[in-house]
Amino acid sequence: MAAPDHWTLLEVLRYRLGLTGSKQGCDKGDCGACTVLIEGRPVLSCLTLAARCQGLRVTTIEGLMPAHRAAGGEGADPVQEAFDRCGALQCGFCQPGMILSARALLNESPSPTREEIRAALAGNLCRCTGYTQIVQAVELCLAEAVGAEPPAPAWAPEANPWKTAPPKTRRPGAEKPERPERPERKGEG
Ligand code: FES
C-alpha cells in the first residue's frame, strides 16, 4: 500500500486503511490515544514512521477481538470485556490505547501489582474516569485469568459485584462451558 514517505503509522491506519479506532489526540506523543501494538509491544503510532513498520505485525483495537478468536477464545478480548463490565470509560477516546497498553502488560507479565498496572498505563491519559475503574478492569481481567476471586471495587467493598458476573468471553485453551439442559415443556415431543 502506497503512502508518502513522511506519513506516520497513525496517518496510514486512519487515512489510508480507514482504521479509526486508533485516535489522533495530541499527535505529538503526550496522550497515548494513538497506541497500537507492534509485535505485541505498545508504541505511539503518531511518532512512528509507517515506512519503518513494513513486515512487522501491527495490532490495532480493531484487530484485538479477531486475534483473541484466532487463538481459540470466544467473544471479545477479556481486557475489552473487563473494561465494559467495570465501566472503565466515559467519553471513550482513550479507551483503544488504554486497552492495548493493558493487553501488552498482561501478555508480558502474568501477575502485575497495582503499581505495575499504573506504571504500564501511565502513558495513556484519561480526562474523564480518574483511572479507578480502568485499574479495576485490569485487575478483574487478571483475577479471572488465574481463576482467583477478583478484588472488590472500593465503591462496593462488601457486595463484590465481580463475584457474580461471570465473563462472557472464553480464554483461548479454556474448556467450553457446557450448555444447561433445556427443561422439557408441556406439550413438546
Ligand atoms: Fe499519539 Fe497523543 S496522539 S500520543
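Tutor: K28 forms a salt bridge with D30, and the closest N and O atoms are 2.6 Å apart. A salt bridge here is a side-chain nitrogen of Lys or Arg within 4 Å of a carboxyl oxygen of Asp or Glu. Before we go on: this is a predicted model, so local features need pLDDT of at least 70 and side-chain atom pairs count only at pLDDT 80 or more, while totals for chains, interfaces and linings use all residues. Residues are numbered from 1 along each chain as its sequence is written, and side-chain values use heavy atoms, with hydrogens and water left out.

Student: OK. Is K28 buried or exposed?

Tutor: K28 is exposed, at 55% relative accessible area. The cut-offs are under 20% relative accessible area for buried, over 50% for exposed, and partly exposed in between (1.4 Å probe, protein chains only).

Student: How many salt bridges does the structure hold?

Tutor: Six. One of them joins E39 and R57, with the closest N and O atoms 3.6 Å apart. E39 lies in the loop between β1 (35–38) and β2 (41–44) and R57 in the loop between β2 and β3 (58–59), so the pair ties together parts that are 18 residues apart in sequence. Those labels come from DSSP runs, numbered from the N terminus: helices are H or I with at least four residues, strands are E with at least two.

Student: And how accessible is R57?

Tutor: R57 is partly exposed, with a relative accessible area of 49%. E39 is partly exposed too, at 38%.

Student: What about D77, which residue does its side chain meet in a salt bridge?

Tutor: That would be R103, at 2.9 Å from N to O. D77 sits in the loop between α2 (61–70) and α3 (78–86) and R103 in helix α4 (residues 95–108), so this pair ties together parts 26 residues apart in sequence. D77 is buried at 5% relative accessibility, and R103 is buried at 12%.

Student: Switching to pockets. Which residues lie nearest the centre of the largest pocket?

Tutor: H68, D77, P78, R103 and N107, out of 20 lining residues. The pocket's volume is about 380 Å³.

Student: How do you even define a pocket?

Tutor: On a 1 Å grid over the protein atoms alone, a pocket is an open set of points with protein on both sides within 12 Å along at least five of seven lines, and lining residues have an atom within 4 Å of a point. Grid points are joined across faces, edges and corners, and the volume is the space filled by probe spheres set on the points.

Student: You mentioned α6. Why is it called largely enclosed?

Tutor: Ten of its 14 residues are buried, so α6 is largely enclosed by the rest of the structure. Among the buried ones are I134, V138 and L142. What covers them includes α3, α4 and α5 (114–120).

Student: Got it. Now T35, where does that one lie?

Tutor: T35 lies in strand β1, and it is buried at 5% relative accessible area. Its side chain reaches the backbone oxygen of G32 at 2.6 Å. A polar contact of 3.4 Å also joins the side chains of T35 and N124. A polar contact is a pair of N or O atoms within 3.5 Å; within protein, one must be able to donate a hydrogen and the other to accept it, and residues adjacent in sequence count only if both atoms are side-chain atoms.

Student: What does the side chain of R85 make a polar contact with?

Tutor: The side chain of E144, at 3.0 Å. R85 is in helix α3 and is buried at 19%.

Conventions
Contact means heavy atoms within 4.5 Å. On a 1 Å grid over the protein atoms alone, a cavity is a set of points where a 1.4 Å probe fits but cannot get out, and a pocket is an open set with protein on both sides within 12 Å along at least five of seven lines; lining residues have an atom within 4 Å of a point.
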